[in-house]
Amino acid sequence: MNIGVCKLEFRLPENHSLKGKRQVVKSIITRLQNNYNVSVAEVDNQDLWQRATLGIACVSNHRRHADEILSSAVKFVAQNYPDLELLNSEIEIFPAL
């Protein structure tokens, strides 16, 4: 069993309020959960209205499969939310003991 985690940082340059940020972040979280069956949460920058950091996690039998799921999730966000400026994405896969 392998556990994959991804940290996804992005900027919302067109956003001007925390309410607007919450709408965008909630949309991203819901779509990622529905499309990729992953766990997603906003993990940092909750008080900044133009920055967001999401944590994404998945469990898989194979390391490669976990990496493919998380890579696809990052690509999905980049392609479906063109108004976002993707600042950083980090993927790590851990073998479970």
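I call a residue buried under 20% relative accessible area, exposed over 50%, and partly exposed in between, with a 1.4 Å probe and protein chains only. This is a predicted model, where local features need pLDDT of at least 70, side-chain atom pairs count only at pLDDT 80 or more, and totals for chains, interfaces and linings use all residues. Residues are numbered from 1 along each chain as its sequence is written, and side-chain values use heavy atoms, with hydrogens and water left out.

**Entry 1: Asn 2**

I started with Asn 2. At 10% relative accessibility, Asn 2 counts as buried. Asn 2 sits in strand 1. I take helices (H or I, at least four residues) and strands (E, at least two) as DSSP runs, numbered from the N terminus.

The side chain reaches the backbone oxygen of Asn 61 at 3.4 Å. That is a polar contact, meaning a pair of N or O atoms within 3.5 Å; within protein, one must be able to donate a hydrogen and the other to accept it, and residues adjacent in sequence count only if both atoms are side-chain atoms.

For contacts in general I use heavy atoms within 4.5 Å. Not counting residues up to four places away in sequence, Asn 2 touches several residues, including Cys 58, Asn 61, His 62, Phe 94 and Pro 95.

**Entry 2: overall layout**

I counted two helices and four strands in the protein chain. From the N terminus on, the order is β-α-β-β-α-β. The radius of gyration is 13 Å, close to the 13 Å that the globule rule gives for 97 residues, so the chain is as compact as a globular protein of that length. I take this radius over C-alpha atoms, and the rule is 2.2 Å times the number of residues to the power 0.38.

The C-alpha trace spans about 45 × 25 × 20 Å along its principal axes. Of the 97 residues, 35% count as buried. Among contacts with a separation of 6 or more, 72% come from residues 24 or more positions apart.

**Entry 3: strand pairing**

I count two strands as paired if DSSP finds at least two bridges between them. Strand 1 (residues 2-11) runs antiparallel to strand 3 (residues 51-60), and 10 bridges join them. Here Cys 6 stands opposite Ile 56. Strand 1 also pairs with strand 4 (residues 85-95), in the antiparallel sense over 10 bridges. In strand 4, Phe 94 is the bridge partner of Ile 3.

Strand 2 (residues 39-44) is antiparallel to strand 3 as well, with five bridges. Ser 39 stands opposite Ala 57 there. The hairpin of strand 2 and strand 3 has six residues between the strands, and Asn 45 takes a positive phi near 60 degrees in this hairpin.

**Entry 4: cysteines**

Which cysteine sulfur is closest to that of Cys 6? It belongs to Cys 58, at 9.3 Å, too far for a bond. My cut-off for a disulfide is a pair of cysteine sulfur atoms within 2.5 Å. A search of the whole structure finds zero disulfides. Cys 58 is likewise in no disulfide. I checked burial too. Cys 6 is buried at 4% relative accessibility, and Cys 58 is buried at 6%.

**Entry 5: nonpolar core**

I define a nonpolar core as a set of buried Ala, Val, Leu, Ile, Met, Phe, Trp, Tyr and Cys residues joined through side-chain atoms within 4.5 Å. The largest one has 24 residues, and Phe 10, Ile 28, Leu 32, Leu 54, Ile 56 and Val 77 touch the most other members. Strand 1, helix 1 (18-36), strand 3 and helix 2 (63-80) each supply at least two residues. Helix 2 gives the most, with seven.

I followed up Ile 56. Leaving aside neighbours within four places in sequence, its contacts include Cys 6, Leu 8, Leu 32, Val 40 and Leu 70.

Asn 37 lies in the loop between helix 1 and strand 2. Asn 37 has a positive phi of about 50 degrees although it is not a glycine. At 70% relative accessible area, Asn 37 is exposed.
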